[in-house]
Amino acid sequence: MSKHKIKLYTTINLNGGWDCCDMALIEEFDCETKRQAECREEFWRREYKATKNSRKCHTTADEKKEYNKEFNKKVNIIKNPLRNLQPSEPCECGGHYKHRNKAIHLRSQNHQNYIIKKQNENIKLILCENINCI
Ligand SMILES: [Zn+2]
């Protein structure tokens, strides 16, 4: 992508180019790495709500994780529109799962707890039958 398609540069070009713009120093900031400088630049970009400078200077690990999650959701909807319409299937444990996620559900903590609880009930039942307590 050409840098001239970025909103900031488009705005500058539409208003007469760099000759018609002023650039002001906001802060002198001591840092050791470029990453530290980008973090500080991002702080000021957000502080001034710089709507024309819509590109983030720095993204935190949590922001990247959230972005990737949302991006993958959108890609999945575009790539697999029918897959997302699959109805959930009920499970004997009380939970629900989509057919494609059955194996994941069967290994889930909720389902495993249900299996253990069911096995314990069966053991109690067998013990009761053996000692004629029913
Ligand atoms: Zn289940």
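Is Tyr67 buried or exposed? Tyr67 is exposed, because its relative accessible area is 54%, where exposed means over 50%, buried under 20% and partly exposed in between, computed with a 1.4 Å probe on protein chains only.

## Basis of the model

This is a predicted model, in which local features need pLDDT of at least 70 and side-chain atom pairs count only at pLDDT 80 or more, while totals for chains, interfaces and linings use all residues. Residues are numbered from 1 along each chain as its sequence is written, and side-chain values use heavy atoms, with hydrogens and water left out.

## Domains

The chain is divided into domain 1 (7-79) and domain 2 (88-131), with bounds that come from an automatic or database domain assignment. The C-alpha centres of domain 1 and domain 2 lie 49 Å apart.

## Zinc site

Cys91 (SG), Cys93 (SG), His105 (NE2) and His111 (ND1) coordinate the zinc ion at 2.0 to 2.3 Å; donors are N, O and S atoms within 2.8 Å of the metal (3.2 Å for Na, K and Ca), and since water is not among the atoms, sites may look incomplete. The arrangement is tetrahedral because the four donor atoms subtend angles of 106 to 114° around the zinc ion, the rule for four donors being that all angles lie between 85 and 135 degrees.

Along the chain, the donors of the zinc ion follow the spacing C-x1-C-x11-H-x5-H. Cys91, in the loop between strand 1 (88-90) and strand 2 (96-98), and His105, in helix 4 (residues 102-106), are 14 residues apart and link distant parts of the chain; helices (H or I, at least four residues) and strands (E, at least two) are DSSP runs, numbered from the N terminus. Cys91 counts as buried at 13% relative accessibility, and His105 is also buried, with a relative accessible area of 11%.

## Aromatic pairs

Rings of Phe, Tyr and Trp (its six-membered ring) pair if their centres lie within 6.5 Å, and planes under 30 degrees apart count as stacked, over 60 as edge-to-face and the rest as tilted. By this rule there are four aromatic pairs, one of them the edge-to-face pair of Phe43 and Trp44, with 5.0 Å centre to centre and 75° between the planes. Phe43 is partly exposed at 35% relative accessible area, as is Trp44 at 22%.

The pair of Tyr67 and Phe71 is stacked, because the ring centres are 6.1 Å apart and the planes lie at 15°. Tyr67 and Phe71 are four residues apart in helix 3 (residues 61-79), and are therefore separated by about one helical turn. Phe71 counts as partly exposed, at 42% relative accessibility. Phe43, Trp44 and Tyr48 form one aromatic cluster.

Definitions and conventions. Tetrahedral: all angles 85-135°; square planar, octahedral: opposite > 155°, others 65-115°.
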